[in-house]
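Keep the sequence and the 3D view open while reading.

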Amino acid sequence: MPSLLEISTHFFLQIVVILVTYRLLWPLFRRLGQVQVVAIMIAGFLLGPSVLGWAWPQAQEWLFPTKLAIGGTSIVHPNLTAIYVVGQIGLVLYMFLVGSSFQLDIFGKHLRQAGATSATGVAVPMVLGGAVGWWMAVQGGFFTDGVADWQGALFLAAAVAVTAFPILAWIVYDSGLMNTRLGTMSLAVAAVDDACAWVLLAVVVATAKDSPGGVYLAVGGGLAYLLFMVFVARRWLARLETWTPRRGDRERAGGLPVGQLTVVLLVVLLAASVTDFVGIHSVLGAFVAGLVMPRGELLDRIRDRFEPLVGYLLLPAFFIYTGLNTKLSLIFEPKVLVMTVVVLVVSFAGKFGAVGLVARSQGMGWREAGAMGALSNARGLMELVLLNVGLSAGLITPELYTVLAIMTTVTTFVATPLQRMFERSAWKNGMVFGPSGEEPKGSTPPEQPELPSVDSARV
C-alpha cells in the first residue's frame, strides 16, 4: 500500500500531465473552432488505455494506475480515488458557477418557447434511443445479464436524450452567448433534459436492484429539494447581500468576506449531497444552488476567483477518470462498430432535428433554431457522468460504454462548429443573436473580431 506522501506526490504529477496535454492540444482545437473544454475532454481519452495505453502500456499503467494488488486481492488504486473525488468537486463547483450566471430575466421572457422545446427535445430522442436500446438488449453483449430489455431501452433513452449541461454552459460562455436568447434557452432546455434523463436513470438503477423505492425518492426528493430552494432558501440567502462582514474578514479571504463565502460553500456542498442522496446527481443540485443565489457584487467576486481554478484545474480530473474507463479498441468488433454508427445517427438526428424544428415553430429564425439544435447535441460531461454511473452500477458492458463514449465525443465535437456556421450565416445577413433573438447588428469597431473569440479565458 503506497504511503500518503507517495499518493499525493503521484497525484500532483498526474495533474501536471493532464494540464500539459490539454494545453498542447488547445492550439489545434482552437483552429478547428472548438472551445477549451473539448481539448480537455480529448486529453482524458488520449491519456487512457485507448491511446497512451496502446502506444506505451507500461508508462500509462504507471502514470494512471487503476488497481492495486494487496495479498492477492485487487482493490481500486488510491490515486484513482483521488482523481475521482477531485473531479467531482470540480463538477459541483462548476455547475454552481453556471447556475449563478444563468440569466433568469431572459428565460422568463421566453418561458413558453423553452417549455415546448424542452418537451420535444426530451421526447423524440427518448423514443428513438429507447428503440435502439431495446434492440441492443435483445442482441446481447451491451448490457449485463441482470438488465431486462425494457431497462436497457430506458437507459439508452436517457443516454440519447441527455444534453451535457456543463459542456453546453462552457460553450455558451466561450462563444459569448450567455446574454442571448439562444444561450439562455439552450441552457434551460438542457437543464430540463438532464433532469428527465437522471430520473430515467434512477428508474433503471432502482429496478435493476429490486428497489422501486429509489424511483419515488428520486422524483419526490428532487421536487421537494427544488421547491425548498426556490421558496425558502432563496429568501434566506438574499441576506448575504446585506450582511456586513467583520473587520479583517475581507482581507483574509483575498477580497471576499469569509462569513459569506463560507455560507455559499456550505449551501453548494449540502445541495450536492442532498441531490446525490435522492438519486438525481450532485451537479443538478449545485446548479439550482447557483440559481437561487442573490445577484450582486458578492456573487460576481466569487465567480471571478473560482472560475479559472475550477475550470482549468479541478474539472480536468473528471475527464481523465472517464478516459481511463474507455477502451476504443473495442470499436473494431463488427457488432460494436455497427451499433456505434446507429447510435451516432439516432443521437444526432434526434436532438438536432427535434430541437431545431420545434424552436423554429416557436418563432425563432431558422438560423437561431439551427444553432440551438446544434448546441443541444453537446453531450460531453453529463453523458460521461451517466456512463460512469451505469458502469459502476453494473448495468452496461465495456462495449456499450465505448459506443456511447464515441458518440459523446463526436456529437460534442460537432456542436460548436455547427453552431458557429449558423452564427456566421446570420452575421453575413446583417443579424446577430441577441436577448430577443436574431437582431440587426450594430457597428463593430475594425479591431474587434466579428464573432466572439473561442479562446476566452472565462470558463
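## Handedness and the model

A crossing is right-handed if the near helix is turned clockwise from the far one by less than a right angle, and left-handed if anticlockwise. The model is predicted. Two helix pairs are described below.

## α1 against α5

Helix α1 passes α5 in a right-handed crossing. α1 covers residues 4-31, and α5 covers residues 78-101. Their axes lie 10 Å apart and meet at an angle of about 55 degrees. An angle under 35 degrees would count as roughly parallel, and one of 65 to 115 as roughly perpendicular. α1 is therefore oblique to α5.

From α1, the contact uses Ile7, His10, Phe11 and Gln14. From α5, Pro78, Asn79, Ala82, Ile83 and Val86 take part. By class, this contact has 6 nonpolar and 3 polar residues.

## α8 against α20

Helix α8 spans residues 149-161, and helix α20 spans residues 398-428. Their axes come within 11 Å. They cross at roughly 20 degrees. Angles under 35 degrees count as roughly parallel, so α8 and α20 are roughly parallel to each other. The crossing of α8 and α20 is right-handed.

Which residues make the contact between α8 and α20? Phe155, Leu156 and Ala159 come from α8. Leu400, Leu404 and Met407 come from α20. By class, the contact of α8 with α20 has 6 nonpolar residues, with no polar and no charged ones.

Note on methods
Residues are numbered from 1 along each chain as its sequence is written. This is a predicted model: local features need pLDDT of at least 70, side-chain atom pairs count only at pLDDT 80 or more; totals for chains, interfaces and linings use all residues. Side-chain values use heavy atoms; hydrogens and water are left out. Axes are lines fitted to C-alpha atoms, for helices over the stretch in contact, and angles run from 0 to 180 degrees between N-to-C directions. Helices (H or I, at least four residues) and strands (E, at least two) are DSSP runs, numbered from the N terminus. Angles under 35 degrees count as roughly parallel, over 145 as roughly antiparallel, 65 to 115 as roughly perpendicular and the rest as oblique. Contact means heavy atoms within 4.5 Å. Ala, Val, Leu, Ile, Met, Phe, Trp, Tyr, Cys and Pro count as nonpolar, Asp, Glu, Lys and Arg as charged, and the others, Gly among them, as polar.
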